[in-house]
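Subject: The structure you asked about

Hi,

Here is the structure for you to look through. Have it open while you read, and my notes on what turned up in it follow below.

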Amino acid sequence: MCLRHEELVNMADSLTEPVCLEDFESYARQNLPNHAFEFFAGGANEETTIRENVEAFKRLRIRPRVLCGISEVDLSTTVLGEKVSLPIGIAPTATQKLAHPDGEQATAKAASKAGTCMILSCVGSTSLEDVATMAPESVKWLQLYVLSSQEMTKKIVKRAEKEGYKAIVMTVDATVRGKRQKDVRNHSFLLPHLMNIPNVDPAKMADAKRSSDFEKNKQRGSGFAFDNFAKTLFNKSITFETIDWLKSITKLPVLVKGILTADDARKAVQHGVDGIIVSNHGGRQLDCVPATIDVLPEIVDAVNGKVEVYVDGGIRLGTDVFKALALGARAVFIGRPAIWGLAYKGEEGVTKVLDILKEELEIAMILSGIIQNLHIL
């Protein structure tokens, strides 16, 4: 029997569809502009931590239990009391419109469709209001850099409260920007002229775009050097007392993202945080720090059940998710894989990334004799 042309085309498409997260990265590498791919893919210095985040998962082994009669599993859990369908959320990533024109709105829709949590970056390329409108029923948290202007920081928090965000995630490991060699080679991180950072005071952006640097870049046909803008935007002097101030201006739960030691975890709990995200900023800040999965157990032990603990960094397989849950994480968050999915096919691509991880996690649970999300047992 001969196949029609349309059937042959469909067959070819199915053969080239991504089947693992690595396939999405390969697609993004081949199809995104080089400066955009390297911005998302790059890390600090020699990128030792980026590699170690992934390799550390590979060193961990699973001890399966067999003959358990399990054919279906329950992946659902709760994050800060909100039910989600799977323990895999979306980590905050800036300027997602560099990966796809729909940017953060597409990512939010995919997270909503999957029934999971998305953390929106406060330096994203879509306003927190537009993201809320696009995914009104989903669990959304807002990632926050504490800005040099307390008033501007407070305004962003109040906007998040008004739009139904469920938590504020304070990033604590970025008081200065790590040296990212790929960005330096690409003449710093340049945004296209028409791209904005709408969650930040528009007047500040307008002032920056009136600067001599911006005009110089515009004449060269390049974009707006966001790094230079960020140097004046972020508060470089945050302390544990900053957590106290943040909690005083909002009724939302406050999590801290960027904790890598037990001592810092205990101090954060003493200052009243509601959750901790074990993170090394995807290897983009200080190179040669530990892989997040390696320090997760000591941080879980340090907080002793007082707050929920999450982890990001290096998650590329459903078995990685399984290992993180087994070591005490309430849920995991993925950053780059979601971006590669976004670059592939927008909302559909992010959905496919989450579907692949979900399927792989289900298989790992069934073959290990675990019928329900490890953190509910």
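Predicted model: local features only at pLDDT ≥ 70, side-chain atom pairs only at ≥ 80, totals over all residues.

At least two lining residues each come from α2 (21-31), α3, α4 and α16 (336-345).

Now for the whole chain. The protein chain has 377 residues, and 53% of them count as buried. You can pick out 17 helices and 12 strands in the chain. If you take the contacts with a separation of 6 or more, 74% are between residues 24 or more positions apart.

You will find I90 in strand β3, which covers residues 88-90. Is I90 buried or exposed? Its relative accessibility is 1%, and buried means under 20%, so I90 counts as buried. Once you set aside the neighbours within four places in sequence, I90 has contacts that include T107, A111, C117, M118 and I119. F333, I334, A338, V350 and L354 are also in contact with I90. R336 is 246 residues away from I90 along the chain, yet their C-alpha atoms are separated by 9.4 Å.

Next, a pair of helices. Two packed helices are described by the angle between their axes and the distance between the axes. Helix α4 (residues 48-59) packs against helix α14 (residues 292-303) at an angle of about 70°, and the axes are 8 Å apart. Since angles of 65 to 115 degrees count as roughly perpendicular, that makes α4 roughly perpendicular to α14. On the α4 side the contact is made by E52, N53, A56, F57 and R59, and on the α14 side by T292, I293 and D294. Sorted by class, this contact has three charged, three nonpolar and two polar residues.

Two loop residues are worth a look for their backbone angles. E47 is not a glycine, but its phi is positive, at about 65°. E47 sits in the loop between α3 (34-41) and α4, and with a relative accessible area of 15% it is buried. L80 is not a glycine either, and has a positive phi of about 50°. Look for L80 in the loop between β1 (77-79) and β2 (82-84). At 24% relative accessibility, L80 counts as partly exposed.

Finally, the inside. How many cavities of 30 Å³ or more does the structure hold? There is one, and the space in the largest cavity is about 60 Å³. Its lining consists of Y145, V146, T171, A174, T175, F234, N235 and I238. Five of these lining residues are nonpolar, three are polar and none is charged.

Happy browsing!

Key
Residues numbered from 1 in each chain as written. Heavy atoms only, no water. Helix = DSSP H or I, 4+ residues; strand = E, 2+ residues; numbered from the N terminus. Buried < 20%, exposed > 50% of the residue type's maximum accessible area, 1.4 Å probe, protein only. Contact = heavy atoms within 4.5 Å. 1 Å grid on protein atoms, 1.4 Å probe; cavity = no way out; pocket = protein on both sides within 12 Å on 5 of 7 lines; lining within 4 Å. Points joined across faces, edges and corners; volume = space filled by probe spheres on them. Nonpolar A, V, L, I, M, F, W, Y, C, P; charged D, E, K, R; others polar. Axes fitted to C-alpha atoms, helices over the stretch in contact; angles between N-to-C directions. Parallel < 35°, antiparallel > 145°, perpendicular 65-115°, else oblique.
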